[in-house]
Amino acid sequence: MKVFSSKYTFDYSWEEVSTANWRKYCPWNDKSTHVIAVDTLSREVDPATGILRTERLITCTQSAPAWVVSLLGGSNTSHVYETSYVSPAEKRVTMCSTNLTWANILRVRETVTYQPDLSASSPGHERTEFAQDAKITALCGGWQKIRTKIEDASIERFSENARRGREGFEAVLEMSRRVFGEEKEREKAGVK
């Protein structure tokens with residue numbers, strides 16, 4: 001098993017980040033063109049806690065290394081199952097995802113959290129802490145060399161995708177702030 005961890009601080013409030021999170025794979029994000037569909041499977045609010053729980057199926061095109069495809073077969077379409085929890089009371093978003101494609105060969109378990117960064121925020125300049133952890137395990141039986149090679153290639157790919165994902169989400173956050181700011185100005189001016 002290989003582990004990937006990353007932390008980052010966004011110069012946006014938790015409210016902005018948790019709202020824009022639902023538009024992470026929209027046309028404003030030119031870094032996520034590999035995401036071809038996001039289907040919401042269920043969404044419910046727990047009346048006791050106020051936590052919003054959402055299940056989504058994310059469909060991507062991901063070209064696996066040629067040696068992996070020749071060894072294992074498959075196609076360029078992959079599916080990821082994601083469950084997210086938004087706690088307005090705690091100001092915390094937690095997203096847990098796992099791969100469905102090639103799950104009998106490679107298991108990827110990712111957890112992402114967004115919460116206010118109280119140490120770096122000040123009134124009028126709130127920031128949000130992002131934490132990402134992934135555990136990647138190749139399930140190739142006794143073939144240690146192949147298992148290690150698959151895990152190493154997967155960690156390298158995951159790291160690159162994580163960097164691009166942050167860059168793309170920054171663009172979504174910037175556009176969201178601008179669009180919502182313009183809308184607020186129109187409302188103040190009484191323009192519909």
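Predicted model: local features only at pLDDT ≥ 70, side-chain atom pairs only at ≥ 80, totals over all residues.
Figure 1. Phe10 is buried, with a relative accessible area of 1%. Phe10 and Phe130 form an edge-to-face aromatic pair, 5.9 Å centre to centre with 70° between the planes. This pair joins distant parts of the chain, since Phe10 belongs to strand S1 and Phe130 to strand S7, 120 residues apart. Burial applies to both Phe10 and Phe130.

Figure 2. A pair of aromatic rings is described by the distance of the centres and the angle of the planes. The count of aromatic pairs comes to seven. Tyr114 counts as buried, at 1% relative accessibility. Ring pairs connect Tyr8, Phe10, Tyr114, Phe130 and Phe169 into a cluster.

**Figure 3. Charged side chains over aromatic rings.** Lys24 lies over the face of Phe169, 5.4 Å from the ring centre. Phe169 is also one of the rings in the cluster that contains Phe10. At Trp22, the charged end of Arg43 sits over the ring, 4.8 Å from its centre.

**Figure 4. The hairpin of strands S2 and S3.** Strand S2 (residues 35-45) pairs with strand S3 (residues 52-61) in the antiparallel sense, over nine bridges. Val35 stands opposite Cys60 in S3. Six residues lie between the two strands of the hairpin, in which Gly50 adopts a positive phi near 80°.

Figure 5. Asp133 is located in strand S7 (residues 128-138). Its relative accessibility is 39%, so Asp133 counts as partly exposed. Beyond residues up to four places away in sequence, Asp133 touches Phe4, Ser5, Arg109, Glu110 and Thr111. With Ser5, the side chain of Asp133 makes a polar contact to the side chain at 2.6 Å. Asp133 and Ile150 are separated by 17 residues in sequence and by 18 Å in space, C-alpha to C-alpha.

Figure 6. Thr98 is found in strand S5 (residues 92-99). Thr98 counts as buried because its relative accessibility, 16%, falls under 20%. Neighbours within four places in sequence aside, Thr98 contacts Val80, Tyr81, Val108 and Arg109. Arg109 is also among the residues touched by Asp133.

Definitions and conventions. Residues numbered from 1 in each chain as written. Heavy atoms only, no water. Pairing = 2+ DSSP bridges. Helix = DSSP H or I, 4+ residues; strand = E, 2+ residues; numbered from the N terminus. Buried < 20%, exposed > 50% of the residue type's maximum accessible area, 1.4 Å probe, protein only. Contact = heavy atoms within 4.5 Å. Polar contact = N/O pair within 3.5 Å; in protein donor to acceptor, adjacent residues only side chain to side chain. Phe/Tyr/Trp six-rings, centres within 6.5 Å; stacked < 30°, edge-to-face > 60°. Lys NZ or Arg CZ within 6 Å of the ring centre and 35° of its normal.
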